[in-house]
Amino acid sequence: MNAETIKATLPRDLMASVVVFLVALPLCMGIAIASGLPPAKGVITGIVGGLVVGWLAGAPLQVSGPAAGLTVLVFELVQQYGAAMLGPILLLAGALQLLAGRLKLGCWFRVTAPAVVYGMLAGIGILIVLSQLHVMMDAQPEASGLDNLGAFPAALWAALPFSGGNGMAAASLGLLTIACMWTWDRLRPQSLRLLPGALLGVAAATLVGLWLGLDVRRVEVPDNLADAVSWLQPADLLAFADPGLLVAALAVAFIASAETLLSAAAVDRMHQGPRADFDRELTAQGVGNMLCGVLGALPMTGVIVRSSANVQAGARTRLSAMLHALWLLAAVVLLAALLEQVPVASLAGVLVYTGLKLIDLDALRQLGRYGRMAMLIHVATALTIVATDLLTGVLLGFALTLAQLAWQASRLKIGVVRDGRRVELRMQGAATFLRVPQLARALQGVPQDAWLHVPMAHLRYIDHACMELLEEWQRANQASGARLIIEARALTRRVEGRRRQAAHLAAAAAGN
């Protein structure tokens, strides 16, 4: 960007950066807490996502930072391997993203069936809700979705006042936050449409908590942001000998890349400016995640909530995303005492509300237009993520999608038309080995002395198994006078006719 461009767009970018900062601050802290890490880790990721990825990004109006979509996976990794191992995992995941971007594989990360994507988001949303309901009551969440669901009645009982707990006071602040966000989303005046509901909800819960003097858990912010940095140690790289870490890094890289590029595609539809360069965006995300791994922060993706707020606030260039990172840094450095008054339950309320919005029933109904199988893939992916883990659910979704494609690609319609001794076997679709039983049943109804004509014009593909079955029918009935006539010339005649017509038109044009 040259000086004239910056001068022309600075007022709009400056305003948009403030709006994005107000949206990002509670989300950065809440996502970090939901991931089992200190809130400052999320702020560090937001700063890196703004300053570094914002500067390098291929999608200039997209804003990067910690994402709710990776919360569940990060929480599982922290529980299984410890927070120290998150650094090596992110370093390798970022390197994979960087390599994919340099190899121009960005477009392939977008080749993901919508049913799998929406199912993944729904499963993540359910897990976020199940875990953050415990945090809203100042309790510790369990390691899995089913454990959180099973432990909820006991946690609710322990939070009640007559059980000696104080969880209901915290839960009331979380519910107040959710109520403020829900009300603001529906009743906000047009003049204040850019003011985020999450900020209002957290501010209201904080003020009420201070006014009533409620004894609840509050956010812990280090006096020095550098204290929150956990530098990657050379000895940590030896952890790559564990195959589990390699699989974890691959999962983080794939999910973060898919979420980033899907978000970038959505942002492109919101504005009329330059289109996203997906390979450059993937490269920038790789650099950002490698840096987050070195700093011991959370993984990042392009985030649709912050990005849409950026576009709606009138951002024109990447300067908006970069400036919002400076406001995040200033908030932690200058307003640490204020941030420490924020109840953890209020941030959990923000995440519960976000998780509920990820469970998009409208998306499920829209998938119904493409058949029941798409809805089944969505539901199966979501429930498997809840019952097992994120990677297993996504892999199951992909497996079901491939099975659906294989089934559709192998569909074959067979019709038998008789005209005396001449019998025509009409096939439309793909004649593969999966359709051998269907073809065999059709051949059983053909007379043993028929002259069997098989036109190939409407077949996309026929494999060796089906051809051999046809030839076997001829061999078995040859003594009865049967003949097999493969009419591949019907298609050839049409093609040759079109070529002669084109040549005739070209000759006529040359004569004129």
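Predicted model: local features only at pLDDT ≥ 70, side-chain atom pairs only at ≥ 80, totals over all residues.

The lining of the largest cavity draws at least two residues from each of helix 3 (71–81), helix 5, helix 6 (145–159) and helix 16 (372–387). Helix 3 is the greatest contributor, with 4 residues. In total, the structure contains 4 cavities of 30 Å³ or more.

I turn now to the largest pocket, whose volume is about 1600 Å³. Among its 48 lining residues, Ile304, Val305, Ser308, Lys357 and Leu358 lie closest to the centre. Elements that provide two or more residues to this lining include helix 1 (3–34), helix 9 (243–268) and helix 14 (344–358). The lining of the largest pocket has 29 nonpolar, 10 polar and 9 charged residues.

Finally, the helix pair. How do helix 18 and helix 19 run relative to each other? The axes of helix 18 (residues 436–444) and helix 19 (residues 464–477) come within 10 Å and cross at roughly 20°; the two helices are therefore roughly parallel. Their crossing is right-handed. On the side of helix 18, Val436, Leu439, Ala440 and Leu443 take part, and they meet Ala465, Cys466, Leu469, Leu470 and Trp473 of helix 19. The residues of this contact comprise 9 nonpolar, no polar and no charged.

Terms used. Residues numbered from 1 in each chain as written. Heavy atoms only, no water. Axes fitted to C-alpha atoms, helices over the stretch in contact; angles between N-to-C directions. Parallel < 35°, antiparallel > 145°, perpendicular 65-115°, else oblique. Left-handed = near helix turned anticlockwise from the far one by under 90°. Contact = heavy atoms within 4.5 Å. Nonpolar A, V, L, I, M, F, W, Y, C, P; charged D, E, K, R; others polar. 1 Å grid on protein atoms, 1.4 Å probe; cavity = no way out; pocket = protein on both sides within 12 Å on 5 of 7 lines; lining within 4 Å. Points joined across faces, edges and corners; volume = space filled by probe spheres on them.
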